[in-house]
Amino acid sequence: MHAHKKMLPRLWMMVLLLLANLLLGAAPAAAAYAVEITVGNVFYDYGQQATFQAQIEPADAWREVNLFLQPQGASARVEQVEPDGDGGIVYIYDLAEKPLPAFTPVTFWFRVVDQDGNEYTSPEKTFVYDDNRFEWEQLESERFEVHWYERDIAFGQQVLNTAEQGLRRAQSYLPGTIDDRVRIFVYSSGEDVQQALQLSTSAWAVGHASPALSTIVVSVPPGPEEVLELERQIPHELAHIFEYALAGDGYAQIPVWLLEGTASLAELYPNPDYQSVLDNAAQNTSLITMSQLCGPFPREASAAFLSYAQSASFVRFLHQKYGTSGLGELMQIYADGVGCEEGPQSAWNVSLNELEYRWRQESLGMDMAGLIFGNLLPYIILLALLVLLPLIFALSGGLRSARGKASREVHES
């Protein structure tokens, strides 16, 4: 009896050990170590090279190491990385050969595959790829962040004031507001701007604004015209960001005449030559149809200038007719994918051609009836000739026939 009682605990111990062995045998073998990846900061010279740093522990725990780079709104890029003997990573990325988009947040991380095939991913880090070739000054407000160089703080404040005024001007034409802080970079020359964009892969939607990044880049040379240039360029580009805030991803589907026309109206210093160009084009019947301005404007300078002038005048006419809410409704309809010529019909039950007819009549003072008659006159003359010539030939033939008959009768008598 006592021997039986002593065997029970031993049996239970054997059962427990057997179960433990079975469980341990069924579980996958754990890695002998866990790889740790410590990511350092990134340093770069704009348009030349960027240096990425990291440390792997244990130093010999890797079989393959990759660096991933992902600019905002773009696909990730993968680079093969070779750590040194101590597990350190100092990777030089060639920005001249493989440029990054300017003024864009870029997220990066490392991936390590160890000797047993296990994968480890580092925490992500993000840096903003700004143009660091210059010593930028900076000034901020609640809604704007202004950057400039080679000028004093008073100039920076002027930029900030102009941005605030430009926003209020844009809000007088379109409903809504801008939620994200807008970054404004003011270059001192057009050459500096062009070089900055050429050294990047930035796809600026219009002009020098990247609406998706809430970033504006302008060139304002120092001199007596700098205030006027600020009042023209900054509100214009700011309006594009305002339009993007209203339309979202549908921004690219909005006709160019509406985008550029609204942006031109937002300028605090409108172009004084627009009206004379419009008047000349109206007199010479060389206006561009608005349907032709749905897509990109002409590249030729005079035609491009006329396109901006027409768009500004046409959008002003629409705003007078339908107001701020009406323009906002039209822009959102276009953003939903409605075609250029169908948009006004959907918004206001009137065709684009009819609106253009009214605009030419009311804003440009064109005699549309006379213009239509003048345009049709060559066709009217051609039609008249086509109708009258056979009649003339028929009458002429009849007269010749009558004369011949009379002559024969005289001769016979």
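1. Which residues does Leu258 touch, not counting residues up to four places away in sequence? In this predicted model, Leu258 touches Glu243, Val315, Leu327, Leu330, Met331 and Tyr334, where contact means heavy atoms within 4.5 Å.

2. This is a predicted model, in which local features need pLDDT of at least 70 and side-chain atom pairs count only at pLDDT 80 or more, while totals for chains, interfaces and linings use all residues. Residues are numbered from 1 along each chain as its sequence is written, and side-chain values use heavy atoms, with hydrogens and water left out.

3. Leu258 is also among the residues that touch the most other members of the largest nonpolar core, which holds 68 residues; a nonpolar core is a set of buried Ala, Val, Leu, Ile, Met, Phe, Trp, Tyr and Cys residues joined through side-chain atoms within 4.5 Å. Helix α7 (residues 301-335) gives the most to this core, with 13 residues, helices (H or I, at least four residues) and strands (E, at least two) being DSSP runs numbered from the N terminus.

4. The side chains of Glu145 and Arg183 meet in a salt bridge at 3.4 Å, N to O, the term requiring a side-chain nitrogen of Lys or Arg within 4 Å of a carboxyl oxygen of Asp or Glu. This pair links strand β10 to strand β11 (residues 182-187), 38 residues apart. Glu145 counts as buried at 13% relative accessibility, as does Arg183 at 14% (buried means under 20% relative accessible area, exposed over 50%, partly exposed in between, with a 1.4 Å probe and protein chains only).
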